[in-house]
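The sequence and model are shown first.

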Amino acid sequence: METITISQAPQHVGETVKIGVWLTDKRSSGKIAFLQLRDGSGFFQGIIRKNDVDEATFEAAKHDLHPETSFVVTGEIAEDKRSKFGYEIHINDLEIVGQSDEYPIGNKEHGIDFLLDHRHLWLRSRKPWALMRIRSQVKLSTMEFFDKHGFTQFDAPILTSSAPEGTTELFNVDYFDEDAYLSQSGQLYGEAGAMALGRIYTMGPTFRAEKSKTRRHMTEFWMIEPEMAWCHEEESEEIQEQYVAYLIQDLIDKCPTELEMVGRSVESLKPFTELPYPRITYKEAIEMLQKGGMDVKYGDDFGAPEETFLADQFNKPVFIKNYPRSIKAFYMPTDPEDAQQVICADLLAPEGYGEIIGGSERSYDYEYITSKLEENGLSKEDYGWYDDLRKYGSVPHSGFGMGLERFLSWVTLQDHIRENIPFPRMLNRLRP
RNA sequence: GCAGACAUAGCCCAGUUGGUAGAGCGUCUGACUGUUAAUCAGAGGGUCACAGGUUCGAGUCCUGUUGUCUGCGCCA
């Protein structure tokens, strides 16, 4: 007899098979019981009738199966329109493997704090299952997209000697009696990679010790940071929008069930696969905000309300280009049309989700970079290697960073990014 | 870092001028042959966050402590 998974059930209609499962819920009558089953590959229902099994098995189904009890079922796969999945299994026999008593998570009515305290178990529920499948697909699609476009995956170090942008707080670790820090960006290392391999991308965890308490922040999150040699900002933006559209199209094609499970309709995502995305300048954005009655002036960075307002003017992601130098990173080159500004763009997601990508051209001028490093108090000892990238065969290059969980929270319509990573790390949450 | 809320059963929450601690869900027992948050009947379940104070009497009023959530800032 063949052992299959729930996801393979449609190919085994009429066959008697074995499946290793967990119970999510059950309903029973005097002579029939409905067992809601999951096995990691999917969810469906098992039916057990008193007349089809011996009495001990039927009694076991009624009394010994509790939420998350693991067992092996033997039965015949049937197509049935009364089942939500479309298929179900008529059980002839079952063998309990692992008992489960008083499972803490029910079908409804839990607060977020309780659920996060039980994250190791909550992951078994439907919504986290769907969110983790979507996350996995996005990472796979990322690798496929960049591979197709000639990029090499390039892993930046996580332990670093100091801070790339010098401003944010870093997690300090003891590195054999020397101070080291957990990386807050792989970008500078990515630039070294681009000079070696042309086009690279990093994909890995990033750490920020900022005491942020918002729906858009975690202390540990994942970034995807492509870096491209011989590339100006305009070309980088084209890659960015193609990448975002590619991720969304792949989700539409490969994860429609998971999207529906988390409340995101496939139809609502389709417009975001149509390119190009609109582009406006920072100055135009300021004008739009002022006309909209918001209290901003040139030189201000945008907060959440401003980002939402701007994104609401378009029904697509929108690039905001060329911000003032004062609110951007030291390595961004001067905008030739306005010396107060730098060549960069942020991509704002629609529907109130704010910035999902920050990117820019990188200055490749040795004098400019060395003076900026000095202005920002970044030492030769720690950043001399970054100078070298300009000293030996410097070329125009650009790159960007996408926050994986921010992207995911947008496409899955979550109001907080914490459910888009298996074990979120936040200001007040380090366990489980 | 700033501001505002909250803390009562395993969970989600009520609790009136201060007067014996409540419901729903889950759990357990029973009924029911197509249930989808099943339904019906019954049972069990509490150091009211912690520490003081006022009072004949505090879940309720006062003070302090701790924890959590939400929004803002910072950013992805």
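Leaving aside neighbours within four places in sequence, Trp410 is in contact with Val244, Ile248, Arg264, Phe272, Pro317, Ala349, Pro350, Glu351, Tyr353 and Ile356, where contact means heavy atoms within 4.5 Å. The model is predicted: local features need pLDDT of at least 70 and side-chain atom pairs count only at pLDDT 80 or more, whereas totals for chains, interfaces and linings use all residues. Residues are numbered from 1 along each chain as its sequence is written, chains are lettered from A and ligands numbered from 1 in the order in which they are written, and side-chain values use heavy atoms, with hydrogens and water left out.

**Nonpolar cores**

Trp410 belongs to the largest nonpolar core, which has 45 residues; together with Phe146, Ile248 and Phe407, Trp410 touches the most other members. Helix α6 (residues 233-254) supplies the largest share of this core, 9 residues. Apart from this core lies another, of 26 residues, among them Ala285, Phe302, Leu373 and Leu389. A nonpolar core is here a set of buried Ala, Val, Leu, Ile, Met, Phe, Trp, Tyr and Cys residues joined through side-chain atoms within 4.5 Å. Buried means under 20% relative accessible area, exposed over 50%, and partly exposed in between, with a 1.4 Å probe and protein chains only. In soluble globular proteins, nonpolar side chains tend to be buried together.

**Aromatic pairs and charges over rings**

The structure holds 20 aromatic pairs. Rings of Phe, Tyr and Trp (its six-membered ring) pair if their centres lie within 6.5 Å; planes under 30 degrees apart count as stacked, over 60 as edge-to-face and the rest as tilted. Two of the edge-to-face pairs are set out below.

| Pair | Centre distance | Plane angle | Class |
|---|---|---|---|
| Phe43 and Trp129 | 5.1 Å | 85° | edge-to-face |
| Phe146 and Phe151 | 4.8 Å | 65° | edge-to-face |

Phe43 lies in strand β4 (residues 43-49) and Trp129 in helix α4 (residues 126-148), so their pairing ties together parts that are 86 residues apart in sequence. Helices (H or I, at least four residues) and strands (E, at least two) are DSSP runs, numbered from the N terminus. Both partners are buried, Phe43 with a relative accessible area of 9% and Trp129 with one of 13%. Arg126 lies over the face of Phe43, at 4.5 Å from the ring centre.

In the second pair, Phe146 is buried at 0% relative accessibility, and Phe151 is buried with a relative accessible area of 5%. These two residues also take part in one aromatic cluster with Phe145, Tyr201, Tyr243 and Tyr246.

Elsewhere, the charged end of Arg390 sits over the ring of Tyr386, 4.3 Å from its centre. A charge sits over a ring if NZ of Lys or CZ of Arg is within 6 Å of the ring centre and within 35 degrees of the ring normal.

**Strand pairing**

Strand β18 (residues 354-362) is mostly covered, with 7 of its 9 residues buried. Strand β17 (residues 344-349) runs antiparallel to β18 and is joined to it by 6 bridges; two strands pair if DSSP finds at least two bridges between them. Within this pairing, Leu347 has Ile357 of β18 as its bridge partner. β17 and β18 form a hairpin with 4 residues between them, and Glu351 in the turn has a positive phi of about 65°. Glu351 is also one of the residues in contact with Trp410.

β8 is joined to strand β10 (residues 178-182) by 2 bridges, and Thr160 has Tyr181 in β10 as its bridge partner.

**Domains and overall dimensions**

For chain A, the domain assignment gives domain 1 (2-98) and domain 2 (119-420); such bounds come from an automatic or database domain assignment. The domain centres, taken over C-alpha atoms, are separated by 45 Å. The contact between the domains takes 7 residues from domain 1 and 5 residues from domain 2.

Chain A contains 13 helices and 19 strands. Of its 432 residues, 50% are buried. Its C-alpha atoms fill a box of roughly 85 × 55 × 40 Å along the principal axes. Among contacts in chain A with a separation of 6 or more, 66% join residues 24 or more positions apart.
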